[in-house]
Amino acid sequence: MNPLIMLLALFGSALGMAGAGGKGGDVASGKMPTSSKPDKVTPGDTGTKGDPTGGGTQGNPTPTPPVTTSPDPTPPPPEGNPDNVVAPTQPGGAGSGSSGGQGNEVVVSEVASDVLSGRVTTLRPSGDDIASVRVLEGPAAGNVTVNPDQSLALVLTGTDYTGDLAFQYEITRTDGTVETVRADLNVLQGPVQGGWGLGDFYMLETDENGELIVEWGDNHRDVYVSGSDDALTLSDIAALEGLSVDKITGAWLAANPEYGASEGMALAEDAANSLWRTLAEASAKEPASHWLRLEAGYEYKISGILRAGITGESELHPIHITSYGEGEKPILTETVTAIKEGATNVVFSNIELGAGASFNPSSNILMENITSRGEEIAVMRSEGFTIRNSEIFDVVREESVRDGSWEASPNRISGIFSSETKGILIENTLWDHNSWVEGYDPGMSLDGPQPPSIYSHNIYMQSNTLDVTFRDSITMRAASFGAQFRGGAYIEDNVFLDNNAAVYVSGGKEIDGVKIGNYSLYADNVVTSAGFNVYGGPNGQLTGGMGDYAPLTTWVDNIVAHLANPDDPNELAEKTRSEDAVKGGTEAYYNDTIVYNWRGSNRDPGFQDANTDGLNANVLDLTTIQRFTAQLLDKPNASISDLADYLRASAQGAFDGVSDAEMIIEFFQAGFGLTPDVRLEEDTLRFVPNDLADGVRWDNRLNWSTQDLPGTFAGDSVDLAGNWVMYGGTTKIQDFDFGDGGRLTANHGRLDVRGDILAEGKGGQFVIAESGQIWINGYDGDALLDVDLNGGRFANKGAIDGRMDLRITNGQALLATDGARFDLENGSMIEIVGGTAKVGFEGVAGDTAVLRLEQGGILSFDAEGGKLGTISEFRSGANFDQAVNVSSGINLGEGTLRLDLSGLAAEAGDHTLISVDELIGAFSGIDVTGLSAARDARLVFDYGRDQVILRVGQEGAGTGQFNLSVLGDQMDAQANAELWAALTEGQPVLGDQMPDEVTLDDEVLADIP
């Protein structure tokens, strides 16, 4: 039985006593349960969460800041034009364009208005008789778009611009009159220099179960390792080969790949150490995508598993350290350490870290389904670190590092520590009981195990750790804080349970009055049950709630409830302190946090309750973690320890397909009147920058008109409405509409567009890099689709015959896969810069894949780093071990070839520009630049071998001559009827195999040998 159905029975008759209140009209969360979950019951909910107008109902309480010792949480309006600042209102849902915070909406007038750099500002054109608004000329920094309610979203997230800023827009009034308005703005430095984090972390695509899909590249080797008696030792291998043991070195094993290549040839620990050391060290010079596979159920001492400089082949094809077989996770008994040159592009999965890990430095480390206990995970001087679907618990010191006592500072230890790092994702992970042991001596003596201390936490992110995303996780029973994010963070959908203090954010270190970290978002978090583990030495918080020392933090739909269990008077009596539920010394941007019963025995009931008007106290008192656990385990008087044991035993996914945190949050939201609307069918989701937060992140549901994420339902479509969006996730959608000038940047994850791509006006742009992937089903629009590929993968699975510019500097460009085609029409261009990227065709079904150039279409090769690129068939890795089986072809048609040779190496050599199954057609023109006056070049069109090759002479051995050669007959392509049809259908009749014109540095060559 679904646990939530059982838990809802707790509300029983209390539901009938609920008033007409509830927080149903609040719109900020938009959290949507999956269709398989039952409807939630919300006590007395008469409103609609997700109402796009931002309005509530009569019973909805108006959000008020919780009682706190901090200053007034309402910041003053921007200086300069106070008359232009609209009074703050409750935030509207994404899609409303309404005010989302305190003093955030500015009425555009003839007087320049002040706005903050690095944030979103909602601008309201003057007048009530507005029929429509259209942006005519955008600002010099950032982006401006029109919201559905005809307000304007000025998005300066990701910029550090300050100073004068202007843009123009057009208003059509209801009477049909049209006027042009110039908006003049004064952009001020915000209080947090780093602005909002962009969610630019390291992540790969996931499967339908949310588990990583890890590909391998071309430089790949499997290394199976086992702790069984059947595993091959160095002596075993020497005996099999008739060699002495000293001959079986790492280099020898690397040259004999059958050893370790399968479960049946799995290596013992000594042989594995020797081989892996060789492979890892070699990857520093020649990046590789080797997989180290450890058999489950054993412990392994793999010394230097991250040898200095170990490097994955690419972000899409990392080194992978994982397991195989049945049983408990294999345990790495030595600390996983990356030092000196560090580690780059490495994935760990299904492994236990028996001695923690230290990444100092590293780049692009991803951990999934990891267990870590005993020792800390440290991440320093790094970029791109992800840990997900994992569990970190019982990280403690077994002995004090100082004689005499458990002195707090030198014995500090946390589940994870991070410093000088950018781009962290922590999701769906359990953090429990780190940094202390039951039975400690409160006096900090060595008579007991490690006690709690002010310096030890489940999660500790130093002030110079930036762009942190923490979601869908549980952090509980910490020595001090469940989590500290001193540089700011996105904190959403988490449970903070029974910690001495729950969570804390700041905005980074302050320099000259400005913090240098990031803004923070608290959304849909639950804090319940306060830890009360007393200890000597410098004391931190006891019974602490949510902390905010970061300017302009947004708090949306958080719950802080039940410092002590209302069903247990003894617990209440023992907890003699009552820290603030919401604590901080700065000004929140918006705060609607519900605070209820956050008091110890030293305080009267309700002393700091907030935003509870209209909610039913009987229901709130039943909504406790203890009752949740009792129903879950069918165990009366169940405790938090019982819940922890269950979560550990079940690992991630204890609640049948949803995150552990999600089910607990839904339970509390149901009791506290925050149950969201449930979308029941596919929809077109419009992106509307929400000034409550970043205004750019795809994975922030506040920015979407439906208040959930695209892809929630099969058949969802997306309208960017001209906005610039940072993509994240693994998403399949139907149609994708850029609007006018929209842009999507994908640095990680995978987006599949199965239907149409639409754009208008200035067109749209895909920017792809690192591990980002965008797969499209063709494009036939008249507006320009600009694709900038600098890593990751762009793939076309349909028919491209619209206007497109594709610039390729790195990564993989699949111009056409099985059955697809790319028509490079008039006004379109493919530009290949350097020779690093892979460009061309792939398939596994034997179908055709073609590129066809039309008159006015340009194919450009720019030399960089001494190399030119190639268009050919290649293995991308997306199809894993399936062999490439595709019928590829290119029709040069009447297109233009551009060659920039200025970046070529000085040595003579052949550069293959095209190599396919069938080559037909001829360029109408060839434009060559950058050929040295002291070297010659010849371009060879070989229709017999279906190649185009550029042959260049040695620098200093020529006179700047450029020549052509044509070999073979293009008509021999007719032998492959299917490919011939794909290349020629709807195309002009083939003509001469020679180009009409060749230019060298803009001078037409009269005679081309």
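# Briefing on a predicted protein model

Aspartate 472 is found in the loop between β23 and β24 (474-476). This residue belongs to a predicted model of a protein that contains ten helices and 65 strands. Of the 1009 residues in the protein, 60% are buried. The accessible surface comes to about 36,100 Å², and carbon and sulfur atoms account for 45% of that area. Among contacts with a separation of 6 or more, 66% join residues 24 or more positions apart.

**Backbone geometry**

- Most residues other than glycine have a negative phi, and most peptide bonds are trans.
- Aspartate 472 has a phi near 55°, which is a positive value in a residue other than glycine.
- Glutamate 770 counts as partly exposed, at 30% relative accessibility.
- The peptide bond that leads from asparagine 360 to proline 361 is cis, with omega near 5°.
- Proline 361 sits in the loop between β16 (357-359) and β17 (362-374).

**Nonpolar cores**

- The largest nonpolar core has 77 residues, and those with the most contacts inside it are Trp276, Leu306, Phe348, Phe359, Phe385 and Phe485.
- Helix α4 (residues 269-283) supplies the largest share of this core, namely six residues.
- Apart from this core lies another, of 76 residues, which includes Val753, Ile800, Leu899 and Leu964.
- Tryptophan 276 touches several residues beyond four places away in sequence, among them Val223, His290, Trp291, Ile302 and Ile319.

**Aromatic rings and charges**

- A pair of aromatic rings is described by the distance of the centres and the angle of the planes.
- The protein has 28 aromatic pairs.
- One of these is the tilted pair of phenylalanine 470 and phenylalanine 496, with 6.1 Å from centre to centre and 50° between the planes.
- Phenylalanine 470 lies in strand β23 (residues 466-471) and phenylalanine 496 in strand β27 (residues 495-499), so the pair ties together parts that are 26 residues apart in sequence.
- Phenylalanine 470 is buried, at 0% relative accessibility, and phenylalanine 496 is buried at 1%.
- Elsewhere, ring pairs link Tyr596, Phe628, Phe667, Phe668 and Phe672 into a cluster.
- Arginine 697 lies over the face of tyrosine 490, at 4.0 Å from the ring centre.
- Arginine 750 lies over the face of tryptophan 775, at 4.1 Å from the ring centre.

**Two further residues**

- Threonine 386 is part of strand β18 (residues 377-388) and is buried, with 0% relative accessibility.
- Neighbours within four places in sequence aside, threonine 386 is in contact with Phe201, Tyr202, Met203, Ile365, Leu366, Met367 and Leu425.
- Aspartate 568 is located in the loop between β35 (559-561) and α5 (569-574), where it counts as partly exposed at 27% relative accessibility.
- The side chain of aspartate 568 reaches the backbone nitrogen of asparagine 570 at 3.1 Å.
- Aspartate 568 and glutamine 626 are 58 residues apart along the chain, and their C-alpha atoms are separated by 10.0 Å.

Terms used. Residues numbered from 1 in each chain as written. Predicted model: local features only at pLDDT ≥ 70, side-chain atom pairs only at ≥ 80, totals over all residues. Heavy atoms only, no water. Core = buried A, V, L, I, M, F, W, Y, C linked by side-chain atoms within 4.5 Å. Buried < 20%, exposed > 50% of the residue type's maximum accessible area, 1.4 Å probe, protein only. Helix = DSSP H or I, 4+ residues; strand = E, 2+ residues; numbered from the N terminus. Contact = heavy atoms within 4.5 Å. Phe/Tyr/Trp six-rings, centres within 6.5 Å; stacked < 30°, edge-to-face > 60°. Lys NZ or Arg CZ within 6 Å of the ring centre and 35° of its normal. Areas by Shrake-Rupley, 256 points an atom, 1.4 Å probe, with all protein chains shown as cover. Polar contact = N/O pair within 3.5 Å; in protein donor to acceptor, adjacent residues only side chain to side chain.
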